[in-house]
Amino acid sequence: MNRAAELRGAVAFVTPATLITLSILAAPLLYIFYTSFGGPDFSFRAYSDLLGSALFRRTLSTTLIIALSASALSLVLGYVIALHLARQTPRRRSLYMVLVLLPFWTSVLVKCYAFTVILGRSGMVNEFLTWVSGSQVQLALILNRIGVLIGMTNYLTPFVVFPVLASLMAIDDSVYRAASVMGAKPVRIFRTVTLPLSLPGIIAGLSSVLVMALGFFIVPALLGGPRDAMLSNLVDFYTRETLDWSMAAAVGVLLLGMVVLAIAPLSVLRRKQS
Amino acid sequence: MSDRSIRDPQSRRLQAMGSLLAWAVYIFLLAPIVVVVPMAFGSPNELSFPPSTYSLDLFRQFLSSPAWTGPLLQSAKVASISTVVVLLVGVPAAYGIARFRFPGRGLIMGAMMSPLVIPSIVTALGFYLYFSYLRINGTTLALVLGHVMHTLPYVLVMIVAGIQKLDRNLEFGAQLMGAGRFRMFRTVVLPQLVPSLIGAGLFAFLISFDEVVISWFLSGPTTATLPVKMYSAIRWEISPIIAAVSTLLTGISLVVCLIMVALKKSTPSAG
Amino acid sequence: MTEANRLTRRNFMASGASLLAAPAILGAGRALASTNKLTFVTWGGTYRDSVYEGGIRSFTEKTGIEVTIIDTPDLAKVKAQVMTGNVEWDVFDAPGAMGASGSKEGYWEAFDEGLFDLDDLAIAPTADLAPFYTWAGGIAYDPSKKGEGEYPRNFAEYFDLEKFPGRRTFRDRPSETLEAALLADGVAPADLYPLDVDRAFAALDRIKPSVASWVAATPQTITLLQTGEVDFSYSYSSRVRTTGEAGAGMAFSFDQTLNGLEYLAVVKGAPNRENAMKFVAHMLSPEVQAATMELLANAPVSKGAVPLLSEESRKWLPDMENANNALMNDAWWADNFETVSRRFKEWMLL
């Protein structure tokens, strides 16, 4: 096929999707930038207001703290599962995998609803503790930071399992054999062999989880209190509550910028591998 | 690892501890489903786990209340239309991307894949502002357009993967026999792609059916989807019907998941 | 290759042109909306059921107009609808401050001439606000958990965290909340207006950590009590009564209440404007007022409805004589709701 023919073919197949992407996706995204600069009367008003706003600064730090802690927690939990899965025979592995896939496919709304039942002030956990201790226990486990972290970690953990498992499985068994023949203890093998060799999976998992965590909206809205609002919730707030669309757009632009920063390690890693 | 397990007691202890930890995490991951499903079969008058009596009352209430069936039908409608549109647009695009090299290919692909990394809230805001300008906010059209863009990357990934497994010589052959490009695509490529098409379609349907954030921004009072209704219900009411809805959603996810697994098994090349 | 280029360029231009024309084309379809429908946005839960039983059902029977009921009126959403020209709501169930502010901002349609029987109405409608009833807001608690002396009876006690520790609710809007804060801080009911906004926020700062929920949807003022998420709740006498009828007995302190007017308003550019007018007139008619207020136990505006209320319902009516009670000043909120709301909403999140 010559180049002209190839191009004609490509144009025929790709044009409809490209047009839709440009008009229904790229245009709205550019429209956010446009709106954040005040629309037709260009100004930096929204950005300077944001930087001066105590609410924005608080929300920004809340977002960073929640996103980083939820990512770290899911990394630990996901790594535990990935290690367990990597140790199974292929048959049992695909069986256990269902235990990760099922939550992976479950709607975030279902999870949030379930956690309000499990963690509420008269929820299962508190009822159980009341029963055990014999006195009324009403720990506040939702509508606060704890609830948000539990909900987010539950959602994000499967996303860590997949890349970490892939890199654990890629480790050649002979490396382990060599290490143990040389007398290395299991903890040492983990520290010097498993952990470093699964680093690509860790970075990939952490980075993708962080990207998702930065943009979480449903979980903080349903399981968090007013002080756990994240940037996404602030976007919603400015869009619907105060109808200050330039502010909403400016928050959106900054959130997008943070996500781009969080992706960077992932793309560097990918470039290195290819 | 089992074949190289080291038999000293310390490592066995560590392994046992690892399994114990892993099971704790599995339980944590599964807890929401394990709790919600039995509750859906409980009585409408109590919100407790495990329920003291079992019945289908909650499902009956759910299916007899227009406040819930309206959104259920709306979700089915939006998801079906979006799936058809995204396949119509996405499958040819995936073919073009998989089979041709052309200037701007990376850029176009990047743009189409971007919803995977851009936070939903940002795309949702963009749609909201832009569709407000177009005066279509709150309509089913707006929801469908939003969902098409949201599901396009998944369809592309799955179809491109499917096409890359096809034997390209069949396509060359058909073209040598004089078939036009589109005829060749219709008669040679599409029939072989059927498993991928079903998989991508189911995937798109499920994602659209479950989508909350974009729908939350784009739907109006008469066009609210099931997840939007559910989101406001969790936020503002404490109704046991939500348990029934949750079970329904989980059931749909499970069915789609199983069909996909079955599809994967039926095409050994894809395994 | 040039052919291909031209093709794409042509496509681009065509799509660009259609995008620019889109608002006109898509907007045109809206004018053709059918006219046997009506969207009424109101306060949900048992209140919605009562309004349905008392008036909406008979409205549909009489006119054949199907009423879509939406929960939780929100002035910001009205503003968004009016701003984007995409109005979805017809009739808005507005507490005084929201109604007055919406009127000032121009969100409401003027009522048609001669729509109401002015002789029957105790409070005259304005150009765009029709008084619906008078309500009482105050402190609700669960009598099965809190006995005599264990719950706050007035706003000063509601703000007293030492004497009455526990989690509380407030509304997610400044109206009523700022009034309650100032009453708690020692301002006499008669001297409330103009509100000392800074002083109110200072008082609210003190109890903010104990406010578990800033409630948007009124049913939550009761459900949060039922589930034990909060110990005390700012709610309404009518809400407590109607949920009591439904079998979940909460109690309400009549020692001190905020009394205010509720309005019905038709949203500017409402898709079913004519139906909306008919609906508002229907809701103010004596029979509907009597039937609805019998269920809600709010004070009707129709004079003809008053004698029709039962003895039991009268016990729950807002008490306008009690000197501890404060009357909401809608005129003040008309000028201040928009700005104070913004400050309040940001403050809630802080």
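Modeller: Where pLDDT is low, the predicted coordinates should not be read in detail. Chain C as a whole has a mean pLDDT of 89, and 89% of its residues reach 70 or more. For the complex, the predictor gives an ipTM of 0.94 and a pTM of 0.87.

Chain C is in contact with chain A through 22 of its residues, which meet 21 residues of chain A. On the chain A side, the elements that give two or more residues are α1 (3–36), α3 (54–86) and α12 (231–241). The largest share, 7 residues, comes from α1(A). By class, this side of chain A has 11 nonpolar, 5 polar and 5 charged residues.

The helix α1(A) also takes part in the contact with chain B. There, 74 residues of chain A are in contact with 65 residues of chain B, and α1(A) gives the most to the chain A side, with 21 residues. The residues of that side divide into 52 nonpolar, 16 polar and 6 charged.

Two helix pairs show how chains A and B pack. In one, α1(A) meets helix α5 (residues 120–133) of chain B at an angle of about 80°, with the axes 8 Å apart; the two helices are therefore roughly perpendicular to each other. From α1(A), the residues in this contact are A:A27, A:P28, A:L29, A:Y31, A:I32 and A:T35, and they meet B:V122, B:L125, B:G126, B:F127, B:L129 and B:Y130 in α5(B). By class, the contact has 10 nonpolar residues, 2 polar and no charged.

In the other pair, helix α5 (residues 108–119) of chain A packs with helix α1 (residues 9–40) of chain B. Their axes come within 9 Å and cross at roughly 80°, so α5(A) and α1(B) are roughly perpendicular to each other. Here A:V110, A:K111, A:Y113, A:A114, A:F115, A:V117 and A:I118 meet B:A31, B:P32, B:V35, B:V36 and B:M39.

Chain B itself is divided into domain 1 (2–40) and domain 2 (58–270). The centres of these domains, taken over C-alpha atoms, are separated by 34 Å. Their contact takes 5 residues from domain 1 and 6 residues from domain 2. On the domain 1 side there are 5 nonpolar, no polar and no charged residues.

Within chain A, a further helix pair is formed by α7 (residues 145–169) and α10 (residues 199–214), whose axes come within 8 Å and cross at roughly 155°. That angle makes α7(A) roughly antiparallel to α10(A). The crossing of α7(A) and α10(A) is right-handed. Among the residues of α7(A) in this contact are A:M152, A:L156 and A:F159, while those of α10(A) include A:P200, A:G201 and A:I202. By class, the contact of α7(A) with α10(A) has 14 nonpolar residues, 4 polar and no charged.

Note on methods
Residues numbered from 1 in each chain as written. Chains lettered and ligands numbered in written order. Predicted model: local features only at pLDDT ≥ 70, side-chain atom pairs only at ≥ 80, totals over all residues. Contact = placed C-beta atoms within 7 Å. Helix = DSSP H or I, 4+ residues; strand = E, 2+ residues; numbered from the N terminus. Nonpolar A, V, L, I, M, F, W, Y, C, P; charged D, E, K, R; others polar. Domains from an automatic or database assignment. Axes fitted to C-alpha atoms, helices over the stretch in contact; angles between N-to-C directions. Parallel < 35°, antiparallel > 145°, perpendicular 65-115°, else oblique. Left-handed = near helix turned anticlockwise from the far one by under 90°. pLDDT = per-residue confidence, 0-100.
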